[in-house]
Amino acid sequence: MIITCSNCHKKHAIDENRIPDRPVRIKCKTCGYSFRFDKSEVQGREPLREAPAAVRRIGVCLSKGGVGKTTTAVNAAAGCALAGYRVLLVDTDTQGQAAYMLGLKPAGGLAEFLTEELTLPEALCKARENLWLLAGGKALAGVKRLIDRKDFGGELTLSESISEIEKDYDMVIVDTSPGWDPLTVNVLFYVRELLVPVSLEIMSLQALGSFFKSVASIQKYRPELAVKFLVPNLMDLRVRKKSETILEKLRELYKDTVCPPIRYNNVLSQAPMYGKTIYEYAPGSKGAQDFKELVRKITEQPDLFQ
Ligand SMILES: Nc1ncnc2c1ncn2[C@@H]1O[C@H](COP(=O)(O)OP(=O)(O)OP(=O)(O)O)[C@@H](O)[C@H]1O
Ligand SMILES: [Mg+2]
């Protein structure tokens, strides 16, 4: 048995049988300090177990609209699912575009699950192999009002419900709406990692600065919330110089957080019309290549899809 001196913290190996079963005083041979020791307290304890690997909780956020949040959330989630991860995609936007992009028309989704109008199996939609969706949609407007009416703890509404079901997945990816509303705040109180798509134009850099200020106000309460991935999106080779200057600026400011860019690629905007992910609609495209690269970065698996 190992006993640690409570004064000098030296660890001593002692034959367990030499220690009586009642509380005793033990003297440390190193510092001479004597302290109380109760063998039964130590023996009764469960051995320390390693905590199970936490489910990755990734929020795709930026208050600016049209920067590619939903395109990124859907294709990153579908890419991780293709790579074998079990992924839950949660759409917290009243526009409900994630379902449309995946070619689904679910009868309900996140709103009905949060208000308990539907049970989880009823609200959950299997989108692809390894990929499930809790769809967004207009009904989320009612959820926002519900959150607003709560006297306290409204910001934990999403977290309390999703934490209960996340154990079935390797990662939960949450798409958010533009702007800053009670549901966005809820997302920031649930996720641990933020993936922020930034379009390569100067206005986006400004939007990024003000978004980070808002995130910092939540980080005061949730220090574990971290901006992990900045994804330059819509890198337009037709205006290469401008895009590259902004990309350089991003890298200077945010260093390794900046991911390889997603290039402007028409097929990324066409695929949703057919309800297909980029890997299904145009597997050989630049868009598919760029999203596979992003999946490698998120999963830290450089050999995926090679
Ligand atoms: N890399 C890209 N190449 C070409 N088109 C793109 C690319 N990324 C996104 N788009 C297109 O840009 C438009 C906006 O993208 P998306 O809907 O993903 O943005 P969003 O940030 O989710 O918007 P919102 O803030 O309204 O939710 C869509 O038509 C989408 O198909
Ligand atoms: Mg969107």
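## Close-up views of a predicted model

View 1. H13 is followed by Glu300, and the phi angle of Glu300 is positive, near 55°. Keep in mind that everything in these views comes from a predicted model.

**View 2. Helix H13 from end to end.** Here you can follow H13 through residues 286-299, which makes 14 residues. From the first C-alpha to the last, H13 reaches 20 Å, close to the 20 Å expected at 1.5 Å a residue.

**View 3. The buried side of the story for H13.** Which residues of H13 are buried? They are Gly287, Ala288, Asp290, Phe291, Lys292, Leu294, Val295 and Ile298. And what do these buried residues pack against? Their partners are H2, E11, strand E12 (262-263), H11 and helix H12 (278-281).

**View 4. The surroundings of ligand 1.** Zoom in on ligand 1 and you'll find 18 residues around it, with Gly65, Lys69, Thr70, Thr71 and Ser269 being the closest. Helix H2 (69-82), strand E11 (226-235) and helix H11 (266-270) are the elements that each give two or more residues to this shell. H2 supplies the largest share, three residues. Sort the shell by class and you get ten polar, six nonpolar and two charged residues.

**View 5. Stepping back to the two domains.** The protein chain is assigned a domain 1, covering 2-43, and a domain 2, covering 56-299. How far apart do the C-alpha centres of domain 1 and domain 2 lie? The answer is 53 Å.

Key:
Residues numbered from 1 in each chain as written. Chains lettered and ligands numbered in written order. Predicted model: local features only at pLDDT ≥ 70, side-chain atom pairs only at ≥ 80, totals over all residues. Domains from an automatic or database assignment. Near = placed C-beta within 6 Å. Helix = DSSP H or I, 4+ residues; strand = E, 2+ residues; numbered from the N terminus. Nonpolar A, V, L, I, M, F, W, Y, C, P; charged D, E, K, R; others polar. Expected span 1.5 Å × (residues − 1). Buried ≥ 20, exposed ≤ 12 C-beta atoms within 10 Å, placed from the backbone. Contact = placed C-beta atoms within 7 Å.
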